[in-house]
Amino acid sequence: MISGERRSGELEGAGTMRAVVYDEVGGPEVLHIAEVPTPEPAEDEVLVRVLAVAVDFIQLHIRHGGSGRIGSPKEPAYGLAPLPRIPGGTACVEVVECGSAVTNVEVGERHLVGGLRPGSYVEYGVVSAGSLSLGTPDAPGPTAMPANFGAVEAAAFDYAPVAYHTLRVAAGLTAGETVLIHSAAGGTGVLAVQLTKHFGATVIGVASSDAKLEVVQSLGADHTINSRTADVIEETLRLTDGEGVNVVWDPVGGHVFEQSPRAMAEGGRLVSLGSNSFTGTGVVEFWSFWVKNLRLIGWGGRSNSDAHAPEIMRELIELAEAGRLRPVVGGTYPFADAAAAHAAIEARRPIGKVVLVP
Ligand SMILES: NC(=O)c1ccc[n+]([C@@H]2O[C@H](COP(=O)([O-])OP(=O)(O)OC[C@H]3O[C@@H](n4cnc5c(N)ncnc54)[C@H](OP(=O)(O)O)[C@@H]3O)[C@@H](O)[C@H]2O)c1
């Protein structure tokens, strides 16, 4: 039960905590602070203190009333918890209490974890102990984080496994290829740019302002395109001498998705992983897939857990700890300003990942 009363004060007494809640779907303004019961861990669960939470784009879709599948007409309510609702997303947490049957987790451990109950925009949450594993340095678990990262940086690193898996595994990127990265200054885009360079490929990074493109360039992009002032397809073809790119990394959907095949080389792969444009996933004309032997790759579902495979986690953590892969924090907001954080993302202002702190 969530109190709908709007308050921004501290905890009022034992047994309650502050959370960011919405009672109806809509714009960023529906987000507000409420007092909710502090959850208690079952015997196989742990209680965690939330240190920082990434604002994931998917939470914007869900808040607007679309589901985790961007409001698929076939499953309009897929993944939606009943209202009032606390947003989810990946949080950097510290374990403060273990259920009586928990043996694999210690109080004080820090994890990077999704799936908190009653949500992620909370002071305290519970999660099954079985889903938490720091693993070993050789085989890090899915919730391990780089040792040199503070809580905010760790939260902003949330989709590093997504960037890795979409490029290397889903698209099969190899050294010497060229990748067109849309939303290159987004929270995941900045990691995709760095990882593409790490894999030995050429980056063409797209973003909507010159300030964003400066950051994209500083992270190693070989070429940049301002999507507001240039024709992205024509410019990509010009940069590749008319050949097109081998891989398109597309978290934008809509028009971007539909136009991308025109900028692809023979044997190219188009990885679609999101719809940041809020215009749905789009419809591609299949002719170019025939004549250029293109491949269209949808990414999500099971791939999300595959992305946290130990060998991927190890490489990501090694790169981060060596200072060769870093998140970009696009703003840190207290819970009380969660609406402003969501609004900034919808206005396309932040560069990198926006992070909330209790
Ligand atoms: N399929 C899955 O299971 C799965 C799992 C995890 C993540 N994802 C996807 O991974 C992607 C990255 O997530 P993220 O949280 O890191 O988001 P993000 O990339 O930080 O999103 C913000 C970026 O979206 C771009 N954008 C384009 N059109 C926009 C619009 N109309 N309004 C606002 N922003 C717009 C902005 O770039 P410009 O202004 O430069 O255009 C901005 O930099 C998302 O698409 C997410 O859905 C998918």
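# Notebook: strands, helices, domains and a ligand

I started with strands β7 (residues 178-181) and β8 (residues 202-207): four bridges join them, and they run parallel. I noted at once that this is a predicted model.

Then I asked: in what order do the six strands of the open sheet stand? I read β9-β8-β7-β10-β11-β12, with parallel pairing. I looked for the edges and found β9 (223-226) and β12 (295-298), each of which pairs on one side only.

**Entry: a helix pair**

Two packed helices are described by the angle between their axes and the distance between the axes. I looked up both values for helix α3 (residues 160-170) and helix α10 (residues 310-321). The angle is about 115°, and the axes are 10 Å apart. The crossing of α3 and α10 is right-handed. Which residues make the contact? From α3 I listed Ala160, Pro161, Tyr164 and His165. From α10 I listed Ile312, Met313 and Leu316. I sorted the contact of α3 with α10 by class: six residues are nonpolar, one is polar and none is charged.

**Entry: two domains**

I turned to the division of the chain. Domain 1 covers 16-157 + 327-357, and domain 2 covers 160-303. Their centres, taken over C-alpha atoms, are separated by 27 Å. I found twelve residues of domain 1 and 14 residues of domain 2 in the contact. On the side of domain 1 that touches domain 2, I noted eight nonpolar, two polar and two charged residues.

**Entry: the ligand**

I went to the shell around the ligand. Which of the 29 residues come nearest? I wrote down Gly186, Gly187, Pro251, Gly274 and Gly300. By class, the shell has twelve nonpolar, twelve polar and five charged residues. Helices α1 (57-63) and α11 (338-346) each supply at least two residues of the shell. Why does the ligand lie between domain 1 and domain 2? Both domains give residues to the shell, so the ligand lies between them.

Most residues other than glycine have a negative phi, and most peptide bonds are trans. I looked for exceptions. The peptide bond from Leu83 to Pro84 is cis, with omega near -10°. I placed Pro84 in the loop between α1 and β4 (91-98). Arg117 and Pro118 are also joined by a cis peptide bond, with omega about 10°. Pro118 sits in the loop between β5 (110-113) and β6 (124-128). Last, I looked up Asn293, a residue other than glycine with a positive phi, near 55°. I found Asn293 in the loop between α8 (287-291) and β12.

How values were computed. Residues are numbered from 1 along each chain as its sequence is written. This is a predicted model: local features need pLDDT of at least 70, side-chain atom pairs count only at pLDDT 80 or more; totals for chains, interfaces and linings use all residues. A residue is near a molecule or strand if its C-beta atom, placed from the backbone, lies within 6 Å of it. Ala, Val, Leu, Ile, Met, Phe, Trp, Tyr, Cys and Pro count as nonpolar, Asp, Glu, Lys and Arg as charged, and the others, Gly among them, as polar. Domain bounds come from an automatic or database domain assignment. Two residues are in contact if their C-beta atoms, placed from the backbone, lie within 7 Å. Axes are lines fitted to C-alpha atoms, for helices over the stretch in contact, and angles run from 0 to 180 degrees between N-to-C directions. A crossing is left-handed if the near helix is turned anticlockwise from the far one by less than a right angle, and right-handed if clockwise. Two strands pair if DSSP finds at least two bridges between them.
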